[in-house]
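Please open the structure in your viewer and keep the selection tool at hand. The tour moves from one stop to the next, with something to select at each.

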Amino acid sequence: MLTSKEIRESFKRFFEERGHLIVPSAPMVVKDDPTLMFTNAGMNQFKDIILGNSPAKSKRVADSQKCLRVSGKHNDLEEVGHDTYHHTMFEMLGNWSFGDYFKQEAIDWAWEFLTEVVKLDPNRLYATVFEGAESEGLERDNEAAAIWEKHLPADRILNGNLKDNFWEMGDTGPCGPCSEIHIDLRNDEDRAKISGRDLVNGSHPQVIEIWNLVFMQYNRMADGHLEELPAKVIDTGMGFERLCMALQGKQSNYDTDVFQPIIKAIGEISGKSYGEDAQVDIAMRVIADHIRTISFSITDGQLPSNAKAGYVIRRILRRAVRYGYTFLGQKQAFMYKLLPTLIENMSDAYPELKLQQELITKVIKEEEESFLRTLATGIQMLDKIVATAKANSNSEISGVEAFTLYDTYGFPIDLTQLILRENGLAVNMEQFDEEMLKQKTRARNAATVENGDWIVVNEGDCSFVGYDNTENSTTILRYRQTKQKNQTLYQIVLKETPFYAESGGQVGDTGVLVCGDETIEVTDTKKENNLPIHITKQLPADPTATFTAKVDVKKRLACAANHSCTHLLDQALREVLGTHVEQKGSLVTPEGIRFDFSHFQKVTDEEIAQVERIVNARIRQNIPLTDHRNIPIEEAKKLGAIALFGEKYGDHVRVVQFGTSIEFCGGTHVSATGAIGMVKIISESSVAAGVRRIEAITGEALENHIEKTQALLKEIHALFNNVPNLKATITKSIAENAELKKEIEEYAKEKAMMTKDSLLKEIKELNGIRYISTILPLPAGTVKDIVFMLRAEQPENMLVVIGSVQNDKPQLTISATADLVEQGINAGKIVGQAAKLMQGGGGGQAHFATAGGKDVNGLKAAIDKVFELI
């Protein structure tokens, strides 16, 4: 039986022998592409080639690509673990042809690999072909069908519709018919009862698609019509985990050697056995799948967070923790313990896992512990909701409350349902679904972008000239209109552009396009599919004209200074803290620097000062820039250039060098470090487990900071009559204030005691209930102390109702002894109703409650309302 490692290598070797360049997997986390957060298909790293924005290094390419599908068009998350073949992270084995071979070779080689190399039973295989679509003016893919007829009988070549057998990159762009290869893994008895052809694309767990051959031959335009692609593309993708299942004779992907070592490790940690309980099995599959996704995402530079891609990873991690918590009894962090098993199983193919092991472990452990605390908080909140529902004899809780737990506190709805069932309650799922739909609609509306077709003005390729120029003459190659949030913008591609497109953490340039008397403002520059896109609010009157492209030089120089300073900070941090420091993210703007790096404890003030001293010394040295452009990557490595995890580099790269600081970088930089001026680190904080963040400013921003700090210091000095020793004077003042505060607190205690004694002399009785009622000019804290002193001295049959006023705001405090609570008096409910009369609200427990309001004149009426309700 072939192992998963052997299967992966046999695929690469097969296509290498057929003239394909074997390329490494691109990072699973996508950067510099606004249309994608994660690599969700093998073709993602070749989008710019397919779209014609970049030349292909080789016309034939093959690889094994790590992919992630959890959101958008390919949303498989909720199915993961419940069936045997869906995953969040999976490997896609693929081969590509860019304008070289087409359907004949793609089909023949797929058949040869499956039946002759890895020796799948050809009698279990089925192929689908596009049946055509009259609405699109497309005929059946008879060409593909004819090729398949050489390998399969006609009854195992099936027609597929537009949904299943016509692949599209998105709403617009390259597309074409596809041909899927399916396999029937059922036993002979089941196969004899029902033909596999009747189960293809029928969601049967043992009759599954393993390989999709996409024949890209059209381009979908914005109005929906199709045009022929000038260069046809072959794009194939085979599910690695599914192929392993078929070749290893298993009925589930999770039974293969891809997942079994992890599942066994989960069993050892939890004391549970796989295959004995359905819920336990689902939990183990969820965790085995998700630990791979989380680990690879962190390795590729995406940490769990509350925004965008980071939120997706946090959601996946929390889903796994919750399954372990609910079904495996894991009340402590445990997933991080699975990492050694994952690394042992996959580090041969993906060595970056081993290199990042310490960081991955720390991040996962801290995230687990954080969510377990969230679960504990959520359970406490749910307990209160349950108690209220039971007290009011309700059989269900509001779906709005359940959604608040889910959305605000991250408490899973199915865990809410489980706890409610244990208490004989249910949740109003109709309300919950309504709230979820509202949220999704809001998110969808915010994210919806309508892109028009590209209007080609001139043929040619775009080139960036901004390393050497901030102004140049140019023409428009193409443009299109986009709409988002009711705003119309235009995207323009220039032939030669000095505008730097946002990437590598550096924001995009702004500036203008000038032609005669017309000036078009460029509000931002983005990179899409490796193409610099200039964003404007209007189109030039004549797009065919020649323009002068002018970058905002002041912003560009500030960005360049901050980017160069980032390199110096990176170098200094490694020198001060250790070589374990690695960049984990950055943001370079004209206003400042944000730099994230791996380090496992707070950076001390002395270490920060040391980093600043090193960097400022190198700024004063005015070290010149050595710009190594477009050099072979092997040459860059020999220079000692620092590469970032999660970045994909081409065969030729740019290396930026300031003395001994040498880094791969495509950003803009100063010609010598002296142009930075000076740097000041203004904050240091934690981003995630094992990742710290510093923020820094340079140049004009630092000048402004120093001026404001000095002005503030002068103002403070003036407040203390410009004494010669300001620090000693402030220290003395703080000490004196502390002493005075102590005296005031003692006075307040005495006052409270005296007030309590006075009130005890004014006890009255109403309908057998003894009570104290008054209005006091005291702060809420003192009133609370008085109330509890009264309770201590009068533990039975005593109701206390005290109104108080502070800063023209009324407050109402109610206390009831335990025996009165047993008789039905509920301070929490009473105070809420009474507070309405002073335009306020409040609540609390049955024995003690408070409320605040806006109308002082309503305080007396509120107190009267208390007695009316009693």
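What follows is a walk through a helix, a sheet and a pocket of a predicted model.

Begin by selecting residues 413-422, which form helix α15, and colour Ile413, Leu415, Thr416, Ile419 and Leu420, which are buried. If you then look down the axis of α15, these buried residues fall within an arc of 160 degrees, so they line one face of the helix. On the face turned away from that buried side you will find Arg421 and Glu422, which are exposed. Continue past the end of α15 to glycine 424, where phi is positive, near 70 degrees.

Next, select β24, β25 and β26, which make up an open sheet of three strands in that order, with antiparallel pairing. Because β24 and β26 (661-664) stand at the edges and have a single partner strand each, one side of each is left without a neighbour in the sheet. From one strand to the next, the twist averages 20 degrees. Between β24 and β25 (residues 652-658), the antiparallel pairing runs over six bridges, and if you pick aspartate 627, its bridge partner in β25 is valine 656.

Finally, turn to the second largest pocket, which holds about 520 Å³ of space. Among the 28 residues that line this pocket, Arg556, Leu557, Ala558, Ala560 and Ala561 are the closest to its centre. Two or more lining residues come from each of α17 (553-577), β24 (625-632) and α20 (699-719), with α17 giving the largest share, nine residues. Colouring the lining by class shows 12 nonpolar, eight polar and eight charged residues.

Terms used. Residues numbered from 1 in each chain as written. Predicted model: local features only at pLDDT ≥ 70, side-chain atom pairs only at ≥ 80, totals over all residues. Heavy atoms only, no water. 1 Å grid on protein atoms, 1.4 Å probe; cavity = no way out; pocket = protein on both sides within 12 Å on 5 of 7 lines; lining within 4 Å. Points joined across faces, edges and corners; volume = space filled by probe spheres on them. Helix = DSSP H or I, 4+ residues; strand = E, 2+ residues; numbered from the N terminus. Nonpolar A, V, L, I, M, F, W, Y, C, P; charged D, E, K, R; others polar. Buried < 20%, exposed > 50% of the residue type's maximum accessible area, 1.4 Å probe, protein only. Arc of directions from axis to C-beta. Pairing = 2+ DSSP bridges. Axes fitted to C-alpha atoms, helices over the stretch in contact; angles between N-to-C directions.
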